[in-house]
Each structure stands twice: as structure tokens, then as C-alpha cells.
Amino acid sequence: MAIRKIQPNDNQTLGSVIQTVLKEFGIDRPGTAYYDPQLYSLYESFQTPGSNYWVVEIDNEIVGCGGIFPTKGLDKDCVELVKFYLLPKARGKGLGKELLLQCISGAKELGYESMYLETMPELTTAIPLYERNGFRHLTAPLGDSGHFACTIWMQKTLM
């Protein structure tokens with residue numbers, strides 16, 4: 001298993017991984033990452049200052065991904081956990097936790113003081129992972145991610 005930074009040639013595979021997971025959970029609908037215009041150009045999107053994106057590989061096959069992005073409308077000291085997905089073959093092995101810890105570490109290195117995320121009730125294994133790692137539920141969304149289908153909002157203090 002390896003976690004590495006995104007490369008330009010990852011774009012097509014990552015877009016497919018994200019859409020595959022969203023379809024699996026029946027949440028391939030407007031207001032989710034499924035329809036993000038940059039879904040197949042993530043490398044370019046994550047050249048934005050204050051952002052970073054990681055890829056999880058098993059035997060040189062991409063099986064997951066996740067990153068951090070300074071979403072419009074968030075406080076300057078807050079970053080959003082974004083496009084965090086694992087294929088079924090990567091689940092139950094601790095890879096989600098390792099990837100989440102990589103994202104948290106990366107956010108701290110960039111000087112962020114908190115991390116925000118949006119998710120949906122259908123992602124039943126992700127929510128407990130976030131809770132176990134210090135994320136607390138919010139009563140309303142922060143920022144302007146454009147993901148209006150998300151109904152669960154969480155935040156974690158990093159400092």
C-alpha cells in the first residue's frame with residue numbers, strides 16, 4: 001500500500017473511482033461530486049495554493065483518494081476535506097484512516113487550524129471514521145462547495 005501525491009496522469013482513473021463509489025451508494029445525483037466540472041481534471045484543480053490531494057495505491061492500482069481544498073467562503077484558517085473515496089477492495093484495511101491522517105497532517109503543514117467536511121447519510125462507514133478522528137457534527141454547512149445534496153456537515157480543530 002502506498003499513499004502518494006496526485007500526478008497529471010491520474011485524472012481519468014480518479015474521476016472514475018469517485019463516480020464508481022458514488023454510484024455504489026446510490027448518490028450519483030446533482031449536488032454531489034459526481035457532477036463536479038473538474039472531476040476529470042483533479043490534478044489541475046489541486047494546483048490551487050493551499051490545497052493538496054493524495055492517491056492510495058495497492059500493487060500500483062489506484063484504489064482511493066482524498067484531499068484538502070480552501071473552499072470558497074470558508075475562514076482562511078479552515079480547509080475542506082474533499083473527494084475522499086475508497087473502492088470496496090480498499091475498505092476494512094485501515095487505508096481510510098491512513099488517508100484521513102495524511103490529509104490532516106497536510107492541512108496542519110499548510111497552517112490550517114480546522115478542517116471541515118460535507119457528506120451524506122448513505123456513506124455509513126465514512127461518518128464513524130470521521131467521528132473517531134475528532135470531527136464533530138455541525139447544524140449547518142460552511143463555505144460554498146456547491147454540494148447542496150450533502151446533509152451532514154462536520155468540523156475538526158487541528159491545533
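**A mixed sheet, its helices and a shared core**

A polar contact of 3.0 Å joins the side chains of E57 and R4 in this predicted model. E57 lies in strand 2, and its relative accessible area of 12% is under the 20% limit, so E57 counts as buried. Beyond its neighbours within four places in sequence, E57 is in contact with M1, A2, R4, I62 and V63. A2 also stands opposite E57 in the pairing of the strands. Strand 1 and strand 2 run antiparallel and are joined by four bridges.

Seven strands form an open sheet in the order 1-2-3-4-5-7-6, with mixed pairing. Strand 1 (2-5) and strand 6 (136-137) are at the edges; each has a single partner strand, and therefore one side of each is left without a neighbour in the sheet.

Strand 2 is joined to strand 3 by seven bridges, and the two run antiparallel. Within this pair, W54 stands opposite G66 of strand 3. The two strands form a hairpin with two residues between them, and D59 in the turn has a positive phi of about 50°.

Strand 3 also holds I62, which is buried, with a relative accessible area of 10%. Not counting residues up to four places away in sequence, I62 touches R4, D10, T13, L14, V17, V55, V56, E57 and L87. One of these partners, D10, is 52 residues from I62 in sequence, yet the C-alpha atoms of the two are 8.5 Å apart in space.

The relative accessibility of K83 is 10%, so K83 counts as buried. The side chains of K83 and D36 are joined by a polar contact of 2.5 Å. Neighbours within four places in sequence aside, the residues in contact with K83 are I18, A33, D36, Q38, L39, L42, Y53, C65, G66, G67 and H147.

The 14 residues of helix 1 should span 20 Å at 1.5 Å a residue, and the end C-alpha atoms are 20 Å apart, which agrees. Buried residues of helix 1 are N11, L14, G15, V17, I18, Q19, V21 and L22. Their cover includes helix 2 (42-45), strand 2, strand 3 and strand 4. Helix 1 is followed by G26, with a positive phi near 70°. Helix 3, with 15 residues, reaches 21 Å from its first C-alpha to its last, close to the 21 Å expected at 1.5 Å a residue. In helix 3 the buried residues include L95, G96, L99, L100, C103, I104, G106 and A107. Just after helix 3, G111 takes a positive phi of about 90°.

Nonpolar side chains tend to be buried together in soluble globular proteins. In the present model the largest nonpolar core has 49 residues, and those with the most contacts inside it are I18, M115 and Y130. At least two residues of this core come from each of helix 1 (11-24), strand 2 (52-58), strand 3 (61-69), strand 4 (78-86), helix 3 (95-109), strand 5 (114-119), helix 4 (126-132) and strand 7 (152-157). Leaving aside neighbours within four places in sequence, M115 is in contact with I68, C78, V79, L81, C103, I104, A107, F135, M154, Q155, K156 and L158.

Key. Residues are numbered from 1 along each chain as its sequence is written. This is a predicted model: local features need pLDDT of at least 70, side-chain atom pairs count only at pLDDT 80 or more; totals for chains, interfaces and linings use all residues. Side-chain values use heavy atoms; hydrogens and water are left out. A nonpolar core is a set of buried Ala, Val, Leu, Ile, Met, Phe, Trp, Tyr and Cys residues joined through side-chain atoms within 4.5 Å. Buried means under 20% relative accessible area, exposed over 50%, partly exposed in between (1.4 Å probe, protein chains only). Contact means heavy atoms within 4.5 Å. Two strands pair if DSSP finds at least two bridges between them. A polar contact is a pair of N or O atoms within 3.5 Å; within protein, one must be able to donate a hydrogen and the other to accept it, and residues adjacent in sequence count only if both atoms are side-chain atoms. The expected span of a helix is 1.5 Å times one less than its number of residues.
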